[in-house]
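Biologist: I have not looked at this one before. Can you walk me through it?

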Amino acid sequence: MPDKSLKYSCAVIILFTAFSCQFGCSANKYRQPISNFQTATAVVTADTRVALNELNHRQRLRVVQKHRQDNLELRISEIEASRLILPEDLNARLDALDRLNEYVDLLARIANSDAPENIARSATDLTGAISNLTGTINGLAGNSNANFKNAFGVAGTVISEILRFIAQQKIKEAVETAVLKGEKPINDLIDAIGNDLEVAFLVRKANLEIDRTDLLKKYNLEVVKNPRDEKLLDKLSEKILANEGALETLVDVNPRAALKAMAKAHTKLVLHAKGKSPASFEDAVEAIEIFAAAAKRLGDAVLKLKAQTA
Amino acid sequence: MTMPPQNENLLDSIRMISDGLSAINYRLADMLPTEPGYDELEHQRNEVYNRFIFLVRKFYKDSTNRYIEAESRLAKANNEMTKTLERLENMQETFDKIRRFVTAIDGFISDIFPTG
């Protein structure tokens, strides 16, 4: 009864496709939120790199400028002593940031993997090739193989659907396992980066406040001179204004908010991987969106401050 | 590895000194350089700043281990993810290899025993 078995097989395919979409397609739901998390993380890690690299650069600049201003002799040991962070300590941080980017990139690669489609396609191609081979062998024996080919075609579709489903499940599990395994190191890293950047922010703030005091001092000493240097006063007043602008922008460069949002987004992803409820997934998506917005604000502020203090 | 308590204290000290520095700088910025006490306050400010920078250096030095620990654990997690991706790619590759083999056998049989 080939017709009956064909109908039965078709019903199996329809039911299986519906079932696999119900469960298997859930692997795809991670795509967009993880892509957003990846983009926002890239902004934060790039800003962290800039902030850490600039720490020593800015201190070096201050030492050289201070020596120049006070007409003091300058030695390389004095320039080197201006470092806030030693090269080996900086490298340890940059390596960890590389690893963090790698983690999020791999997570995104798994979530965006085409493996289920490719595996299903390869499985279909394989069953097609087996079907052809069987046809060739049957042809040698002089048998008609139309029914056999039909049945083989249906079985091939079922097999490729099953394999697609398995691959989708594997991807979903891989994302969840990766998120769970990354929980502790990522949270620690976010906390460490947050503290490092907060300290860098406090150094930047202290330096800008000292610059403000020094500029005002120079301006106030010059303005009472007779005759006074008008060009110098113009230059100083411009610098005072630029410094005030930088101090105002600095408030937005405090990375705490973006890093808190990052930690929260990651925690929500972990909670979803543990609990797997639709509500926890919605929470994770929302937290990732907040993180993405905070990272964008931070990135914009960093660029603005860079332009103001260039 | 969470932040060791001594580093937590160091961070609190840095925050406190930073607040103090801000207050001194604001006071200086609101004084004329010729006012009595200006030079002394400026000297104190420089002393506090040096202390602040000393603690900042110590803080960065002491927190490096947290990065080393996190980096090593993340490297392990990344390694596992890479293996998962490879396993998925291998699955597809295996099907493709078998298909190529079956197609070759099919072609071989057709060439040796033509039915047409």
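Modeller: A term to start with: a salt bridge here is a side-chain nitrogen of Lys or Arg within 4 Å of a carboxyl oxygen of Asp or Glu. By that rule A:Arg58 forms a salt bridge with A:Glu54, with 3.3 Å between the closest N and O atoms. Keep in mind that this is a predicted model.

Biologist: Where do A:Arg58 and A:Glu54 lie?

Modeller: Both are in helix 2 of chain A, 4 residues apart, which is about one turn of the helix.

Biologist: Is A:Glu54 buried or exposed? And what about A:Arg58?

Modeller: A:Glu54 has a relative accessible area of 17%, so it is buried, since the cut-off is under 20%. A:Arg58 is at 21% relative accessibility and counts as partly exposed.

Biologist: What else does A:Asp188 form a salt bridge with?

Modeller: With B:Arg73, where the closest N and O atoms are 3.3 Å apart. A:Asp188 lies in helix 6 of chain A and B:Arg73 in helix 3 of chain B, so this pair joins two chains. B:Arg73 itself counts as partly exposed, at 24% relative accessibility.

Biologist: Which residues are linked in a network of salt bridges?

Modeller: A:Arg99, A:Glu102 and B:Glu71 are linked in such a network.

Biologist: Switching to chain B. How many helices and strands are there?

Modeller: Chain B has 3 helices and 0 strands. Read from the N terminus, its elements run α-α-α.

Biologist: Why is chain B called more spread out than a compact globule?

Modeller: Because its radius of gyration is 34 Å, well over the 13 Å that the globule rule gives for 116 residues. Along the principal axes, the C-alpha atoms of chain B fill a box of roughly 115 × 30 × 15 Å.

Biologist: How much of chain B counts as buried?

Modeller: Of its 116 residues, 40% count as buried. The accessible surface of chain B comes to about 6900 Å², and carbon and sulfur atoms account for 55% of that.

Biologist: And the contacts in chain B, what share comes from residues 24 or more positions apart?

Modeller: Taking contacts in chain B with a separation of 6 or more, 70% are between residues 24 or more positions apart.

Biologist: Which residues of chain B form a nonpolar patch on the surface?

Modeller: B:Phe108, B:Ile112 and B:Phe113 do, with about 340 Å² of accessible area together. B:Ile112 is part of helix 3 of chain B, residues 64-112. At 47% relative accessibility, B:Ile112 counts as partly exposed.

Biologist: Now the inside. Which members of the largest nonpolar core touch the most other members?

Modeller: A:Phe291 and B:Phe52, in a core of 93 residues. Helix 6 of chain A, residues 146-223, gives the largest share of this core, with 21 residues. Apart from it lies another core of 5 residues, including B:Ile24, B:Leu28, B:Tyr38 and B:Leu41.

Biologist: What is A:Phe291 in contact with, leaving aside its neighbours within four places in sequence?

Modeller: Its partners include A:Phe37, A:Ala40, A:Thr41 and A:Val44. A:Ala258, A:Ala261, A:Met262 and A:Ala265 are also in contact with A:Phe291.

Notes. Residues numbered from 1 in each chain as written. Chains lettered and ligands numbered in written order. Predicted model: local features only at pLDDT ≥ 70, side-chain atom pairs only at ≥ 80, totals over all residues. Heavy atoms only, no water. Core = buried A, V, L, I, M, F, W, Y, C linked by side-chain atoms within 4.5 Å. Buried < 20%, exposed > 50% of the residue type's maximum accessible area, 1.4 Å probe, protein only. Contact = heavy atoms within 4.5 Å. Patch = residues over 30% accessible without salt bridge, like charges linked within 9 Å, V, L, I, M, F, W, Y side chains within 5 Å. Areas by Shrake-Rupley, 256 points an atom, 1.4 Å probe, with all protein chains shown as cover. Rg over C-alpha atoms; globule rule 2.2 N^0.38 Å.
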